[in-house]
Amino acid sequence: MVRNTPMSAVIGDVTVYAATAHGPRWLPGQDVVIVDGRVAAIGPNAGVAADLPGDSAAAGTDGGGGHLIPGFVNTHTHLQQSVLRGAGEGLPLLEWLRCVGEFTVAATPEQTYLAALAGGLELLRSGVTTVVEHLWPNPSEAVHDAALRALDELGIRVVFGRGIADRADASRKWGMDPRLLQPLPEILAHIAELDARLVDSRITTALAVPNPRCLTPAGMTAVRDFAAEHGKTISIHLLETGTDEDMCRLHAARSAVDYLDEGGLLGERTLAVHCCRLDAEGRARLAARGAAVSYNPLSNMRLGSGVAPVPEMLSAGIDVGLGVDGAASNDTQDMLLALRMGAYLQRVTHQRADILPFDDMMRIATPGRCSCPRRTRRSHRPRGGRPRRPHPAALRPRFRLPAGA
Ligand SMILES: [Zn+2]
């Protein structure tokens, strides 16, 4: 693992997007004091009294009137796909999955390393400081090591979703590509081994389930128990299109949400990705279980999957975060583009210009796992919907102003 030396410095004359007692505001003329890699103080003259360690006392930088925002949390991507831009263009999800799957099976460690490095650089350049990587199941330890080496060298904070599945189906309708599967105990042992190696790094592991169709009831139990015992996030694509619902009803005689819920996979550590087809009953269930949702507007548009009911999910009390998804279904890793398109897609869908304004998109894209707005705003209430309750996780700023600033 690369061990970087944390930076200490004062950056002067910066306009900071910060939390205040009156909500988030742009504050001009601020000094930003960084001590050992962390923002220690922000204020008009905070740099004057800054006590920086050792030689860094002279490390002052003129911000030149620049603007500073909190780092973005990208709640979903597949960095291996950074070299697959344009892949499967024009194909719907299932055919796209089979197309991209061939590239994934053939991916070498070197290609994985370079793809993660290129994709990670694009994330950093667009302001992402934390990323949830959702790797597809892959039996090659060398492929995982290559991705982790790139992420470590980038210095980005990572929740590294190690792929896990236990139902094989080459068609991908009711299972995973058999060539990418391995026994569950091997996968769980590999995650435990990675955890031991990643202690004190910026990378933590999670369980990345492709979708509800890829786990048997016994597999769900194993994933649930491992996640509970080790405190792991479970990242899972859910209801991206109608396939999850159709296949769960066909093979398990229940809805996709019921299938996961009965398997114990809906909980406070669940990050459900997409949820374009999540209906009112499903939204109520995810909210009751405390599951969060990753909204990936560009990917949903590129594949024609649908529009995630973001205002409705927020109204139901679900935490929503923003994701770029893999470059094979997005063609970029640009978080700023996702931020803008994420708002515009909801506006054109609801035919209202006041949905998801800047402050609300910033709350969705920045703090912690996910968040929803603090105030019950009419602009987020679907017509005829009930008012959203204030959420306890609301407005957790990265930059908190010191008292009196
Ligand atoms: Zn995805």
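Visitor: How many residues lie between S1 and S2 in their hairpin?
Guide: In this predicted model, strand S1 covers residues 9-20 and strand S2 covers residues 23-35. The two run antiparallel and are joined by nine bridges, with Tyr 17 standing opposite Trp 26 in S2. The number of residues between the strands of this hairpin is two.

Visitor: Which residue in the turn between S2 and S3 has a positive phi?
Guide: S2 runs antiparallel to strand S3, residues 38-43, and five bridges join them. Ile 34 has Val 39 in S3 as its bridge partner. S2 and S3 form a hairpin with two residues between them, and the turn residue with a positive phi, about 50 degrees, is Asp 36.

Visitor: Is Arg 125 buried or exposed?
Guide: Arg 125 lies in helix H2, which spans residues 109-125. Arg 125 has 12 C-beta neighbours inside 10 Å, so the class is exposed.

Visitor: How far apart in space are Arg 125 and Asp 334, C-alpha to C-alpha?
Guide: Along the sequence, Arg 125 and Asp 334 are 209 residues apart. In space, their C-alpha to C-alpha distance is 8.1 Å.

Visitor: What does H3 reach from its first C-alpha to its last?
Guide: Helix H3, residues 141-154, has 14 residues. At 1.5 Å a residue the expected value is 20 Å, and the model is close to that. From first C-alpha to last, H3 reaches 20 Å.

Visitor: Which elements do the buried residues of H3 pack against?
Guide: The buried residues of H3 include Val 143, Ala 147, Leu 151 and Leu 154. Residues three or four places apart in an α-helix point the same way, because there are 3.6 residues a turn. The buried residues of H3 pack against H2, strand S8 (157-163) and strand S9 (203-209).

Visitor: Which residue just after H6 takes a positive phi?
Guide: Helix H6 covers residues 243-252, and its buried residues are Thr 243, Asp 244, Glu 245, Met 247 and Cys 248. They pack against helix H1 (93-106), strand S10 (234-238) and helix H7 (256-262). Just after H6, the residue with a positive phi, about 55 degrees, is Ala 253.

Visitor: What is the phi of His 274?
Guide: His 274 lies in strand S11, residues 270-274. With 28 C-beta neighbours inside 10 Å, His 274 counts as buried. Most residues other than glycine have a negative phi. His 274 is not a glycine, yet its phi is positive, at about 90 degrees.

Visitor: Where does Cys 275 lie?
Guide: Cys 275 also is not a glycine, and has a positive phi of about 55 degrees. Cys 275 is buried, because 29 other C-beta atoms are within 10 Å. The location of Cys 275 is the loop between S11 and helix H8 (280-289).

Visitor: Over which residues does pLDDT stay under 50?
Guide: The mean pLDDT of the protein is 88, and 88% of its residues reach 70 or more. Where pLDDT is low, the predicted coordinates should not be read in detail. The model has 80 contacts beyond four places in sequence for the stretch under 50, which is residues 368-405.

Notes: Residues numbered from 1 in each chain as written. Predicted model: local features only at pLDDT ≥ 70, side-chain atom pairs only at ≥ 80, totals over all residues. Pairing = 2+ DSSP bridges. Helix = DSSP H or I, 4+ residues; strand = E, 2+ residues; numbered from the N terminus. Buried ≥ 20, exposed ≤ 12 C-beta atoms within 10 Å, placed from the backbone. pLDDT = per-residue confidence, 0-100. Contact = placed C-beta atoms within 7 Å. Expected span 1.5 Å × (residues − 1).
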